[in-house]
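Please walk through this structure with me, one local feature at a time. Keep the sequence and the 3D view side by side.

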Amino acid sequence: MSDTGPDADVTETAVDAATVEVVRKYLTSAATEMQRTLIRTAYNTIIYEILDFGISLYDAETNLIADSPGLPVFLGANDYGLRKSVDHVGEQNLNPGDIVLVNYPYWSSTHTLDVLVFMPVFYDDELIGYATSRAHWLDLGAKDSGYVLDSTDIHQEGMIFPGTKVYKNGEPDEEIHDLIRFNSRIPDKVIGDLNAQVAALRTGATRLQELYEKYGTDVVESCIETIITHGERSARDAVRALPDGSWTGVDYADGIYREEDDLIRLEAEVTIDGDSFTVDFSGSSDQVDEPLNIPIGMTQSISKLCFKTVTTPDEDSNAGQYEPLDVYAPEGNLYNATYPAPTFTIWPGLLGINVIYEALAKALPEQVPASSGGDVCDIMLYGEHPETGRQFVEANNEGVGWGGSADHDGQNALMHMSETMVRNIPIEVFENKAPIEFDRLTLRQDSGGAGKHRGGLGIQRDFRFTHPVGALSIVQKTKTEGWGLAGGHPGARNVVALDLADDWHDRVEVLVDNDDLYVDEGDDDVDQGDRKYAGMFRGTFQPGEVISNRSGGGGGYGDPYERDPEAVREDVLDGYVSREAARAEYGVALTDEDEIDRDETENLRRRIDE
C-alpha cells in the first residue's frame, strides 16, 4: 500500500492538470509500447497469440503507475511479486542494467512457469522506478511437460528462482542462462521468450528515463503523486456509494481424484464499511496436497480485479485505486499457500473470481451479472512434432458464456473474467503448430442459462489427432453448476468428451471423472469409440481420436417465462436455443413455420395459483 491518501500533501513542486494528464498518458503509452515489443519478439504462441502476460511500471517505492493488460490476474500479482523480490534482493544491491528473475510461487504469486522479470530504472544515478514483465514460459524442468496436474509439493514443479539476476550491469549472466537452458525441454523458446521480456523491460526503462529527462524529477514525481492520490480518492468515493454490509459466495473446485462429497471449498466474504472494502477467504478449504493452492499474491490480484470493476472500471490503473481494499486469508488456507504446498494448477484462483462476484451479486443485483461458465477450459498438446522433429507445447483456452444481467443477455463465448484481454489461437495457427485437425468449432446450443435475459453460450471445439501426441486438459469446474440471478437458471457445466480406442485405459489417465454428467444421447458430435466424459486428464492420443472441449454457459437473469417470446424465437432461429428447450425452459411453442404459436405459448406459460 502507498503512503498517499486523499488528503495527503502534494509535493512542493506544483503542476497544472494538463501536465499531470500528459504524464499519465505517457506512462500508459510506455506500458503499451512494452507490450508491443514483447508480442513482436516472443517465441511462443502462448505469449504472442494468447497474450498470456502482464506488464507494469512502478515508481521507486514500488507503487503501480501504469500497466498494459494481457492476462488481468497477472497485474496485481506483479505488485506483490515485485515487492517481495526487491525485499529479497535488497534495493541497495540493484544497479543500472540489472535484470532480476523470480518464479518462487509464494513470492511471484503464481506457478513456476509464470515468470516475473523486472528491471530497476535509474536517472542521474537515482532509482526512479521499475519495469516489470510476467509471461508464461513453456518449460522449466517440471516433472511433466506442459502442465503439472498431480504434484504434491513445489519441488516437482520445476526450477525455482527466488530473485536471481539474469543480467548484471547490462550484461547477461551466462551461467544463469545455461542453468535455464539445461533445465528446459524447449531451451530455444524459453531463452527466446526471456530475451523478449528483456527487450520489453528496456523499452519501458528508456521511456521512463525520457520522461524524467523532458520534465525533470520534481515535476514527474509530483505528477505521479497526484495520479495516485486521485486514484485513491476516486476509489474511496466509489466504495462509499456502495451499500454497507457483508455477503458471502461459495463454490467448489473438482480437485484431483475426489468424490462428489469431497470437493474443494472456495468461499469469499465481501464486507463494505464506509470507504473500506474487504475480501476474506477464511472460509475456504485448507491448502491441499494437490497443485491447486493459491499464493497470497494471486489472491490479492483476483480481489483487485473484482474490486476495480465495481469502483473505477473506466480509469487506467494505479496504486491509489486499491488503497480501500484489504484481502485476507490465513496462512495454510487454500488462498494463502505456504511452502512446500504445490501451486502449479492455479485454477481455484480463477474460479475464485466468480465466488467474489457471487457475493457482490447479493449486494449489487442490478450491477453484477449472473455466473459465467466459470473456467478457462484449457486443452494443451505436447510432444515431438512429426514434421520438424522438435519438441512442442501448444495450449488454447476456450471462451465461456457470460451471465445475463438486469438489462441484457449474457455474451456468447468470451474469455473468462480472469483473462478478458486474452485471445485464443486461430485454427490455422494451431493446426500448423501441432499435429491436429479441428472437426468443429461452434457455439454450444442450449448451454446458456434460461432467464428473462438469457445467459451467454459456451463453445464446442473438437480436436482430431493426425499423429500420436500427448495431451491434457485443465478444467476445475465440472462437478458443480454456476448460478442464475432473480429466478434465472444456471448455464450448462463444463465438460470434455474423449472419443478413444479400446486401449485408452493404458494411455490416458482421467483425473476428474464425469461419467455421471448428463449429456444428450442424441449428441453425435463425437460418435465413435468408447466415449468418456472428463474434466482433467493426461495421456497419449492416437491418430483419429478426438477431444471434444465443451465450455460452460452463463447463468440467466430473471424468470425465463418473462422473456419476450419473440426473443426466444430469434434464439431458436439463430441456433442458440433448441425448439425443445424453448418449450421446456421458456414456455414458448413454435409452429412448423417457425412462428410463435400464441395459444400454446399462453397455455404453457399459464400459472395456476393453488
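Asp594 counts as partly exposed, at 25% relative accessibility. That class lies between two others: buried means under 20% relative accessible area and exposed means over 50%, with a 1.4 Å probe and protein chains only. Asp594 sits in the loop between α12 (579-586) and α13 (598-605). Those element names follow a rule: helices (H or I, at least four residues) and strands (E, at least two) are DSSP runs, numbered from the N terminus. The backbone of Asp594 has a positive phi of about 65 degrees, although Asp594 is not a glycine. Most residues other than glycine have a negative phi, and most peptide bonds are trans.

This is a predicted model, in which local features need pLDDT of at least 70, side-chain atom pairs count only at pLDDT 80 or more, and totals for chains, interfaces and linings use all residues. Residues are numbered from 1 along each chain as its sequence is written, and side-chain values use heavy atoms, with hydrogens and water left out.

Asn169 also has a positive phi, near 55 degrees, and is a residue other than glycine. Find Asn169 in the loop between β6 (164-168) and β7 (171-172). Is Asn169 buried or exposed? Asn169 is exposed, with a relative accessible area of 54%.

Next comes a peptide bond. Tyr339 and Pro340 are joined by a cis peptide bond, with omega about 0 degrees. Pro340 belongs to the loop between β11 (325-328) and α9 (347-363).

Now turn to charged side chains. Side chains of opposite charge can pair when their charged atoms come close. How many salt bridges does the structure hold? The structure holds 34 salt bridges. Each one is a side-chain nitrogen of Lys or Arg within 4 Å of a carboxyl oxygen of Asp or Glu.

Arg583 forms a salt bridge with Glu600, and their closest N and O atoms are 2.6 Å apart. The pair links distant parts of the chain: Arg583 is in helix α12 and Glu600 in helix α13, 17 residues apart. Arg583 is partly exposed, with a relative accessible area of 40%. Glu600 counts as partly exposed too, at 24%.

Another salt bridge brings together the side chains of Glu260 and Lys479, at 3.5 Å from N to O. Glu260 is in the loop between β8 (245-253) and β9 (264-273), and Lys479 is in the loop between β16 (469-474) and β17 (495-500), so this pair ties together parts that are 219 residues apart in sequence. Glu260 is partly exposed, with a relative accessible area of 40%. Lys479 counts as buried, at 13% relative accessibility.

Asp144 counts as buried at 18% relative accessibility, while Lys143 is partly exposed at 39%. Salt bridges can also join up. Glu232, Arg236, Asp237, Arg240 and Asp275 are linked in a network of them.

Glu61, Glu91, Asp218 and Glu221 form a negative surface patch. Patches are made of residues with over 30% relative accessible area and no salt bridge, with like charges joined within 9 Å. Of these residues, Asp218 is found in helix α7 (residues 217-240). Asp218 is exposed, with a relative accessible area of 52%.

What about the cysteines? A disulfide is a covalent bond between the sulfur atoms of two cysteines. Here the cut-off is a pair of cysteine sulfur atoms within 2.5 Å. The structure holds zero disulfides. The sulfur of Cys306 has its closest cysteine sulfur in Cys377, 18 Å away, which is too far for a bond. Cys306 counts as buried, at 1% relative accessibility. Cys377 also counts as buried, at 1%.

Finish at Gly399, in the loop between β13 (391-396) and α10 (427-433). Gly399 counts as buried, at 3% relative accessibility. Its C-alpha atom is separated by 23 Å from that of Gly76, which is 323 residues apart from Gly399 along the chain.

Terms used:
Patch = residues over 30% accessible without salt bridge, like charges linked within 9 Å, V, L, I, M, F, W, Y side chains within 5 Å. Areas by Shrake-Rupley, 256 points an atom, 1.4 Å probe, with all protein chains shown as cover. Lys, Arg positive; Asp, Glu negative; His and termini not counted. Charge placed at Lys NZ, Arg CZ, Asp CG, Glu CD.
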